[in-house]
Amino acid sequence: EGGQTKDALAPLETADELAPESGEVALALATVHDLLGRPGEAFAAARRALATLADATSIVEARFIAGRAAYQLGDYGTARGQLEQVVDARPGSAAVQLWAGLAAYQQGDFAAAVPYYERAVQLDPNDPTARVNLGAAYLASERYQDAETVYQLLVEQDPRDAESLYNLGWALIGQERRAPARGLGCGACEVGYRPACDAIAE
């Protein structure tokens, strides 16, 4: 599939040179760059597409690519601005909710990240990524009981999930339950999670 994606790049670049004002060509180019893991090129092409696109569906797709690419480039403000507009257009997409939550979280706006993550979990209950990030946002917002609930479920699903064991411990520490938290930290260390081992050593 990667080879086919790369094969699509050359004709699109030629088409883009011939019709630089075409938003649809720029969007297709942004899509290919996104699939190839080239956020800089994807962002530039998506921004060019947004300058000329008229079709609402294509505009939303260009914003989603631009938002994800900006996030990968570390420009969380731009990412959040693009992704929040995509949320308005695609409120039923778990992926869109997750990316909007990630951008808000990286800006330190944990309270804003929580509802995005909650919605992502509601829309796709089987996605552990959304749950892990929801737990992190609860921890960062000092909502320790909520974090405990999330991480407890993750640990029940995978008792060797060292990061969730470790974070469950932090949720308990936030509730002044240090003895069981230490046990969880030891469990996380035993399965090789280095931050847990370092915390125990301190």
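Which residues touch the most other members of the largest nonpolar core?

**View 1. The largest nonpolar core of the predicted model comprises 57 residues.** Within this core, Leu83, Tyr117 and Leu134 are the residues that touch the most other members. Helix 4, which spans residues 56-72, supplies the largest share of the core, namely 8 residues. In soluble globular proteins, nonpolar side chains tend to be buried together.

**View 2. Tyr117 is shown with its contacts beyond its neighbours in sequence.**

**View 3. Helix 4 packs against helix 5, which covers residues 76-89.** The axes of the two helices lie 8 Å apart, at an angle of about 150°. Because angles over 145 degrees count as roughly antiparallel, helix 4 and helix 5 are described as roughly antiparallel to each other. The crossing of helix 4 with helix 5 is left-handed. On the side of helix 4, the contact is made by Val60, Arg63, Phe64, Ala66, Gly67, Arg68, Ala70 and Tyr71. Helix 5 contributes Tyr76, Thr78, Ala79, Gln82, Leu83, Gln85, Val86 and Ala89. Sorted by class, the residues of this contact are 10 nonpolar, 4 polar and 2 charged.

**View 4. Gly67 is a buried residue of helix 4.** The relative accessible area of Gly67 is 0%, and Gly67 is therefore buried, since the term applies under 20%. Not counting residues up to four places away in sequence, Gly67 touches Ala79, Gln82 and Leu83. Gly67 and Gln85 are 18 residues apart along the chain, and their C-alpha atoms are separated by 9.6 Å.

**View 5. Helix 8 (residues 128-140) crosses helix 9 (residues 144-157).** The two axes come within 8 Å and cross at roughly 155°. This angle makes helix 8 roughly antiparallel to helix 9. Their crossing is left-handed. Helix 8 takes part in the contact through Pro128, Arg131, Val132, Leu134, Gly135, Ala136, Tyr138 and Leu139. The residues of helix 9 in this contact are Tyr144, Asp146, Ala147, Val150, Tyr151, Leu153 and Leu154. By class, the contact of helix 8 with helix 9 divides into 12 nonpolar, 1 polar and 2 charged residues.

Notes. Residues numbered from 1 in each chain as written. Predicted model: local features only at pLDDT ≥ 70, side-chain atom pairs only at ≥ 80, totals over all residues. Heavy atoms only, no water. Core = buried A, V, L, I, M, F, W, Y, C linked by side-chain atoms within 4.5 Å. Buried < 20%, exposed > 50% of the residue type's maximum accessible area, 1.4 Å probe, protein only. Helix = DSSP H or I, 4+ residues; strand = E, 2+ residues; numbered from the N terminus. Contact = heavy atoms within 4.5 Å. Axes fitted to C-alpha atoms, helices over the stretch in contact; angles between N-to-C directions. Parallel < 35°, antiparallel > 145°, perpendicular 65-115°, else oblique. Left-handed = near helix turned anticlockwise from the far one by under 90°. Nonpolar A, V, L, I, M, F, W, Y, C, P; charged D, E, K, R; others polar.
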